[in-house]
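Let's go through some labels for this model and check each one against its cut-off. Have a look first, then we'll start.

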Amino acid sequence: MTGRKKPLVVLTRKLPDAIETRMRELFDARLNVEDRPMTQPELVAAVKEADVLVPTVTDRIDAALIEQAGPNLKLIANFGNGVDKIDIAAAMAKGIVVTNTPNVLTEDTADMTMALILATPRRLVEGANVLKGDGKWAGWSPTWMLGNRIWGKRLGIVGMGRIGTAVARRAKAFGLSIHYHNRRRVAPATEDALEATYWESLDQMLARMDIISVNCPSTPATFHLLSARRLALMQPSAYLVNTARGDIIDEDALIKMLETGKLAGAGLDVFEHEPAVKPKLVKLAAKGKVVILPHMGSATIEGRIDMGEKVIINIRAFFDGHRPPDRVLPLKA
Ligand code: 8YV
């Protein structure tokens, strides 16, 4: 980029120091040091001026916003894997390229998924809370704080992409048998290595699993994929874990099932209307029925630096006249 004016890159949120430092060396980077989420009018002002926008999952980059983008905006380099908050088709129609940060958060998100798969049936948070406060404990009892065994149970993975497969690898080591539903069957070698069973019918898989893990992206096709009807197919002894996106599950229907004992429990890292978490879910968490986390799936310093590196590589490649490695195209209808 020598001799050329540096592109104006607007970051909507604070990124790790190492990434911001490098961005300031390479670009005319406009940081958000206070890390206050940008309002929609602030986003409009940003897209009117910027050459590149670096949004996160907390920004809504819809068609109305893209419509107002200035002529300089050529690239939306998302800091994150999921692009459900970005209208890719509207961006493409306006000649704006969209990129994301796949791969680098796969293992961290799979770890957090596995943590919820363990924590929910084994009542980890509930147990940890016993010793909070005054730290008083009546002592061990043979019939107290009993959870459910993990080993030997059936895990059904909804969405066997990168993260789903990484969850399966971990779960197999914990003695879970692996089942999955996916748009396409995975390669025979992957199925063999995981001893995984493919279910073409999501309904049939849901009815037979002890634990369900949601690992598919949020798209119009997966909105409320786990609807009230489908959730009702699950066994009352089953658990549901979601580290993907909140809107894949009908949250109200899930709450009702948990309240009425039609489902044993849930581990949720994501919610339908983040950052809002429904008070009923908070209540269920207090009762030990759910484990709720504030969207921490990829929250490791290593992961966030790797994501930032990917954003930088995508921006550099784009301005050097190459196809950015992580370009996202609109979904086929
Ligand atoms: C990120 C995520 O923290 O990348 C994703 O899709 O869900 C998260 O783990 C977030 O998207 C950052 O923008």
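Q: What makes the span of α13 close to the expected one?
A: Helix α13 (residues 301–319) has 19 residues and runs 27 Å from first C-alpha to last, close to the 27 Å expected at 1.5 Å a residue. The expected span is 1.5 Å times one less than the number of residues. A helix here is a DSSP run of H or I with at least four residues, a strand is a run of E with at least two, and both are numbered from the N terminus.

Q: What should I keep in mind about where these values come from?
A: This is a predicted model, so local features need pLDDT of at least 70, side-chain atom pairs count only at pLDDT 80 or more, and totals for chains, interfaces and linings use all residues. Residues are numbered from 1 along each chain as its sequence is written, and side-chain values use heavy atoms, with hydrogens and water left out.

Q: Why is Val44 called buried?
A: Val44 has 14% relative accessibility, so it counts as buried. Buried means under 20% relative accessible area, exposed means over 50%, and partly exposed is in between, with a 1.4 Å probe and protein chains only. Val44 sits in helix α2 (residues 40–49).

Q: Which residues does Val44 touch, leaving aside neighbours within four places in sequence?
A: Those are Leu65 and Gln68, where contact means heavy atoms within 4.5 Å. Val44 and Gln68 are 24 residues apart in sequence, yet their C-alpha atoms are 6.6 Å apart.

Q: Why does Glu251 count as buried?
A: Its relative accessibility is 5%, so Glu251 gets the buried label. Glu251 belongs to helix α11 (residues 251–259). Beyond its neighbours within four places in sequence, Glu251 contacts Val270, Phe271, Glu272, Lys278 and Leu281.

Q: How do α11 and α12 pack?
A: α11 and helix α12 (residues 279–286) pack at about 35 degrees, with axes 10 Å apart. Axes are lines fitted to C-alpha atoms, for helices over the stretch in contact, and angles run from 0 to 180 degrees between N-to-C directions. Glu251, Ile255, Leu258 and Glu259 of α11 meet Lys280, Leu281 and Leu284 of α12. By class, that contact has 4 nonpolar, no polar and 3 charged residues. Nonpolar covers Ala, Val, Leu, Ile, Met, Phe, Trp, Tyr, Cys and Pro; charged covers Asp, Glu, Lys and Arg; the others, Gly among them, are polar.

Q: Which hand is the crossing of α11 with α12?
A: α11 passes α12 in a left-handed crossing. Left-handed means the near helix is turned anticlockwise from the far one by less than a right angle, and right-handed means clockwise.

Q: Why is α5 called oblique to α7?
A: The axes of helix α5 (residues 106–119) and helix α7 (residues 162–173) come within 8 Å and cross at roughly 50 degrees. That angle makes α5 oblique to α7. Under 35 degrees counts as roughly parallel, over 145 as roughly antiparallel, 65 to 115 as roughly perpendicular, and the rest as oblique. The crossing of α5 and α7 is right-handed.

Q: What covers the buried residues of α7?
A: The cover includes α5, β6 (154–158), β7 (177–181), α8 (188–194) and β9 (211–214). Among the buried residues of α7 are Ile163, Val167 and Arg170.
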